[in-house]
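The following report examines a single protein model.

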Amino acid sequence: MTKDQTFTQEALNGYLAEAKTLRALMYFYLVRSFGDVPLKIKSTSSDEDIVQLAKSTQQEVLTQIVKDLAEAEPNAVTTYGDVRDKGRITRYTVNTIQADVALWMENYPAAITACDKVISSRRFGLIASSAAWYNILYRTGNSNESIFEIQFSQQKLNPFYTMHALPATRRYI
């Protein structure tokens with residue numbers, strides 16, 4: 001921050017919250033898929049930092065996930081003020097992942113607490129029943145129902161875009 005006077009401590013804390021949340025989410029995917037996995041918390045800054053890691057227990061990884069999310073929550077932004085709310089980590093993304101992790105760990109009171117934070121924000125809700133609900137959710141995206149979505153551009157189509165966007169071109173394997 002001494003090199004860039006416009007970069008604030010608040011901005012740094014927000015970026016760190018996003019990084020910790022994404023790390024927690026990725027480890028949550030790993031632990032659900034594989035159980036015991038190597039847990040690396042320190043960054044790799046040089047070749048000397050590259051070492052073979054032993055597996056950590058599933059409980060150790062889940063403890064780190066809970067810790068990362070607890071540290072991220074107070075520093076995560078509540079809104080970016082536009083569509084970025086759906087494609088970047090917000091406090092409600094953190095709360096949603098906290099709820100999912102708590103459910104996985106069978107910690108139902110913590111899951112309820114995390115869900116209540118999202119619900120009480122009154123920023124999310126169900127899409128009204130209509131013929132267009134599928135397009136709203138899966139083609140247009142960034143609906144009132146979503147909390148976190150991977151963003152894409154129709155200018156930079158992925159190979160699956162036409163498979164989902166145009167019913168006539170769907171192929172089933």
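## Conventions

A residue is termed buried under 20% relative accessible area, exposed over 50% and partly exposed in between, with a 1.4 Å probe and protein chains only as cover. By this definition Glu106, at 58% relative accessibility, counts as exposed.

The structure is a predicted model, in which local features need pLDDT of at least 70, side-chain atom pairs count only at pLDDT 80 or more, and totals for chains, interfaces and linings use all residues. Residues are numbered from 1 along each chain as its sequence is written, and side-chain values use heavy atoms, with hydrogens and water left out.

## Overall architecture

The protein chain contains 7 helices and 2 strands; helices (H or I, at least four residues) and strands (E, at least two) are DSSP runs, numbered from the N terminus. Along the sequence, these elements follow the pattern α-β-β-α-α-α-α-α-α.

Of the 173 residues in the protein chain, 27% are buried. The accessible surface, computed by the Shrake-Rupley method with a 1.4 Å probe, comes to about 12,100 Å², and carbon and sulfur atoms account for 58% of this surface. Contact denotes heavy atoms within 4.5 Å. Among contacts with a separation of 6 or more, 49% are between residues 24 or more positions apart.

## The nonpolar core

A nonpolar core is a set of buried Ala, Val, Leu, Ile, Met, Phe, Trp, Tyr and Cys residues joined through side-chain atoms within 4.5 Å. The largest such core has 17 residues, and those with the most contacts inside it are Phe28, Val31, Val61, Ile65, Leu69, Val94 and Val101. Helix 1, helix 2 and helix 4 are the elements that give two or more residues to this core. The most, 6 residues, comes from helix 1.

Thr21 belongs to helix 1 and is buried, with a relative accessible area of 0%. With residues up to four places away in sequence not counted, Thr21 touches Leu69, Ala72, Ile89, Val94 and Ile97.

## Helix 4 and its approach

Helix 4 (residues 91–104) has 14 residues and reaches 20 Å from its first C-alpha to its last, close to the 20 Å expected at 1.5 Å a residue; the expected span is 1.5 Å times one less than the number of residues. The buried residues of helix 4 include Tyr92, Val94, Ile97, Gln98 and Val101. Helix 1 (9–34), helix 2 and helix 5 (108–121) are among what covers the buried residues of helix 4.

Thr90 is located in the loop between helix 3 (84–87) and helix 4, and is buried at 2% relative accessibility. Thr90 and Thr79 are 11 residues apart in sequence, yet their C-alpha atoms are 6.4 Å apart in space. Beyond residues up to four places away in sequence, Thr90 touches Ala76, Val77, Thr78, Tyr80 and Asp85.

Helix 2 (residues 58–72) includes Val66, which is partly exposed, with a relative accessible area of 39%. Together with Trp104 and Met105, Val66 makes a nonpolar surface patch of about 250 Å².

Not counting residues up to four places away in sequence, Gln64 touches Arg23, Leu39 and Ile41.

Most residues other than glycine have a negative phi. Where do the positive values at Glu106 and Arg122 occur? Glu106, with phi near 60°, is in the loop between helix 4 and helix 5. Arg122, with a positive phi of about 60°, lies in the loop between helix 5 and helix 6 (133–140). Arg122 is exposed, with a relative accessible area of 75%.

Key
Patches are made of residues with over 30% relative accessible area and no salt bridge: like charges are joined within 9 Å, nonpolar side chains (Val, Leu, Ile, Met, Phe, Trp, Tyr) within 5 Å. A salt bridge is a side-chain nitrogen of Lys or Arg within 4 Å of a carboxyl oxygen of Asp or Glu.
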